[in-house]
Amino acid sequence: MLRKFWNYLAIVFGSALIASGFNLFLIPHRLLSGGVSGLSMLVGYFTPLNISLLYLLFNIPLLVAGWFQLGRRFIILSILSVGATTWLMTLVPIQSITSDMLLASVFGGVLVGIGSGISFRVGGSSGGFDIVGSIITRYRDFPVGSVLVSLNALVILAAAYFDNNWNLALASMVSIYVSGKVVDLIHVSHIKVTVYIVTNRTDELLQQLFGLQRGVTKIKTEGAYSHVEKDMLMTVTTRYELVELQRIIKTTDPQAFVNIVETVGVMGSFRKR
């Protein structure tokens, strides 16, 4: 329960950083953050519609899709992030901290990247194209930040076309690039780990682990001192999925011995079954 509280608190803190990045750096200079938030800004700049409301509305269909593809816990945390960001955007005043557009793009990108990265680290996302990026990385082994940069480039091209201002478009590209790199530094979802689990509840644990759709190898072991036979389960996963894997182990077999080792490389298929 305490861990859940800290996760929720981290999500809200990350949302506060994202809202600050939007309202204090990007929106005053009519810059875009990319993705769904960028679409919201783009529509908001050319219509009287509220950007925070558009951000919420555009996220709803992606959250619904993520519910079926990414799991309940991930989407619940993502809903909290989207809701908190929407609310905080109405509280943080829209005012420019710096008159330099390039500085605004860099620092806005850093704040948005840190906020999104924090959400990823606790097992959620900041919504929008983060959800699309997470779905893609579950089937293709790419860093999330790189996926987001590719998706967000489409939004920037649309901005350049409608606004006819390549200075704003290029500055927005800088912001999105910085944000993507910061996400990768914090999230590290593409870093592999090998997990060794010595357990007495093999069948129960396997039933839960198969839901992660990663390969699991079962090895018969014997205690050198006790001579008690046990099973050791070995699986390779990502840092992103490690949070969910640890939760499954603690819930299914709290007495299991677990050794987590960072993996230098993987040969062969690392895709889902």
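Student: At roughly what angle do the axes of α1 and α4 cross?

Tutor: Two packed helices are described by the angle between their axes and the distance between the axes. Axes here are lines fitted to C-alpha atoms, for helices over the stretch in contact, with angles running from 0 to 180 degrees between N-to-C directions. This is a predicted model, where local features need pLDDT of at least 70 and side-chain atom pairs count only at pLDDT 80 or more, while totals for chains, interfaces and linings use all residues. The axes of α1 and α4 come within 8 Å, and the crossing angle is roughly 40°.

Student: How many nonpolar, polar and charged residues does the contact of α1 with α4 have?

Tutor: Contact means heavy atoms within 4.5 Å. On α1, the residues making the contact include Y8, I11 and F22, and on α4 they include R73, L77 and L88. Ala, Val, Leu, Ile, Met, Phe, Trp, Tyr, Cys and Pro count as nonpolar, Asp, Glu, Lys and Arg as charged, and the others, Gly among them, as polar. By class, that gives 12 nonpolar, 5 polar and 1 charged.

Student: How far does α4 reach from its first C-alpha to its last?

Tutor: Helices (H or I, at least four residues) and strands (E, at least two) are DSSP runs numbered from the N terminus, and residues are numbered from 1 along each chain as its sequence is written, with side-chain values using heavy atoms and leaving out hydrogens and water. α4 covers residues 72-91, 20 residues in total. The expected span is 1.5 Å times one less than the number of residues, and for α4 the expected 28 Å is close to the actual reach of 29 Å.

Student: How many of the 12 residues of α2 are buried?

Tutor: Buried means under 20% relative accessible area, exposed over 50%, and partly exposed in between (1.4 Å probe, protein chains only). Among the buried residues of α2 are V36, M41, L42 and Y45. α2 is largely enclosed by the rest of the structure, because the buried count is 9.

Student: And α2 with α3: roughly what angle do their axes cross at?

Tutor: The axes of α2 and α3 come within 8 Å. The two helices are oblique to each other, and their crossing is right-handed. The angle is roughly 140°.

Student: Is R30 buried, partly exposed or exposed?

Tutor: R30 is in the loop between α1 (2-26) and α2. R30 also has a positive phi, about 60°, although it is not a glycine. Its relative accessibility is 33%, so R30 counts as partly exposed.

Conventions
Parallel < 35°, antiparallel > 145°, perpendicular 65-115°, else oblique. Left-handed = near helix turned anticlockwise from the far one by under 90°.
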